[in-house]
Amino acid sequence: MYYVNPNLPELERIFDQNERKGYLRLDLNENPGGLPEEFIAKVLKNVDKEFVSEYPETRHFQELLAKFHNAEPENICLVNGSAEGIRYIIEAFTSVGGRVVGVVPSYFMFQVYSEMYGREFIRVNYEDDLNMDVHSILNALTEDTQLLVLLNPNNPMGNVYTDEELELIMEECRKKEITVLIDEAYHYFHPKTFIHYALEERHVLVTRTFSKVFAMAGCRLGYVVGAKEDIKLVQKLCTPHNTNAFALKFAEEILTTPGMIDELVRKFREGRSYLLEELDKNGYLHKGEAGNFLFIQPKTDAAELVKRMKAEKKILIKSYPNVGELGDCLRTSIGEKQYMERFMEALLELDR
């Protein structure tokens, strides 16, 4: 008999299929500058017909990445973007009807995957001042909670947790036997990491991606870090050859090229410093203490500004309604200085 998953018809999804070539892309938290052209050319020189025609071999890169994290290869599961890892963690460590707790607003796929698999997603809301009270998280954790989702930093709010706050949360999760997923997609923009929890104890998993500071969103590569026993379970859900050879090749070259990561981070920090200074100088309120994104309170209508930025300046940004006490806001990704200069020039011209 025919069957349709009953969770799917009412599942809310947004698929962004806009043509984005030729625009300054500040709408999806990518690295707008990308990798240097000479670096890309160097990597592609080593691509031949066998490279393209063979299934990717992952063990070499898995060992390299493990060494990078002072871990063992068995502590790491490679995935097709960290979103795939998030999906597998929810599938592996929660049950139908199981309770998943997460802060909102956040990366929407945590809630999507929970509802897709018939889990109960419990929302912990931010305060009006856009801060997250750690006690709000603690109060949402019950004996029947199976998974807590944290982001460090959180997209889109940009907040992070202190060591003391995280340990307070971890103590409660250990006591109630709750698996913890910490998404660190925006690591390097804010270098504080809690990956040591995933390497030192069970039931803690950290997801990372090469899409953000490493400018590899088009290649789709991420990974999950955790105890060997937990990673083995995540690995069992992966499809065969779920990562592609081009992604592995570029990621290896980034990790092994001296100074490459430092230069990517330096360019970001220069752009961020410029943008914050210019926004302050021109009287703009903004929010986003970490990550490569920023909420900006405009002086005119946010949604209309997004349309004009695209039509008149070929710049893609987003608008968000009701962002706490800031109201309707612009949302822009942050990149190196030349792109922030172009954004600020357009903002000052149009937002008046």
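## Ground rules

Residues are numbered from 1 along each chain as its sequence is written, and side-chain values use heavy atoms, leaving out hydrogens and water. Since this is a predicted model, local features need pLDDT of at least 70 and side-chain atom pairs count only at pLDDT 80 or more, while totals for chains, interfaces and linings use all residues.

## The whole protein

The protein has 13 helices and 13 strands (DSSP runs: H or I of at least four residues for helices, E of at least two for strands, numbered from the N terminus). Of its 352 residues, 53% are buried, meaning under 20% relative accessible area with a 1.4 Å probe, counting protein chains only.

Among contacts (heavy atoms within 4.5 Å) with a separation of 6 or more, 71% link residues 24 or more positions apart.

Helix α12 (residues 302-313) packs against helix α13 (residues 337-350) at about 115°, with axes 11 Å apart. Here, axes are lines fitted to C-alpha atoms over the stretch in contact, and angles run from 0 to 180 degrees between N-to-C directions.

On the α12 side, the contact uses L305, R308, M309, E312 and K313; α13 brings R342, F343, A346, L347, E349 and L350.

## A look at T179

T179 sits in strand β6 (residues 179-183). Is T179 buried or exposed? T179 counts as buried because its relative accessibility is 6%. Leaving out residues up to four places away in sequence, T179 touches F93, Q146, L147, L148, H203 and L205.

Methods
Buried means under 20% relative accessible area, exposed over 50%, partly exposed in between (1.4 Å probe, protein chains only).
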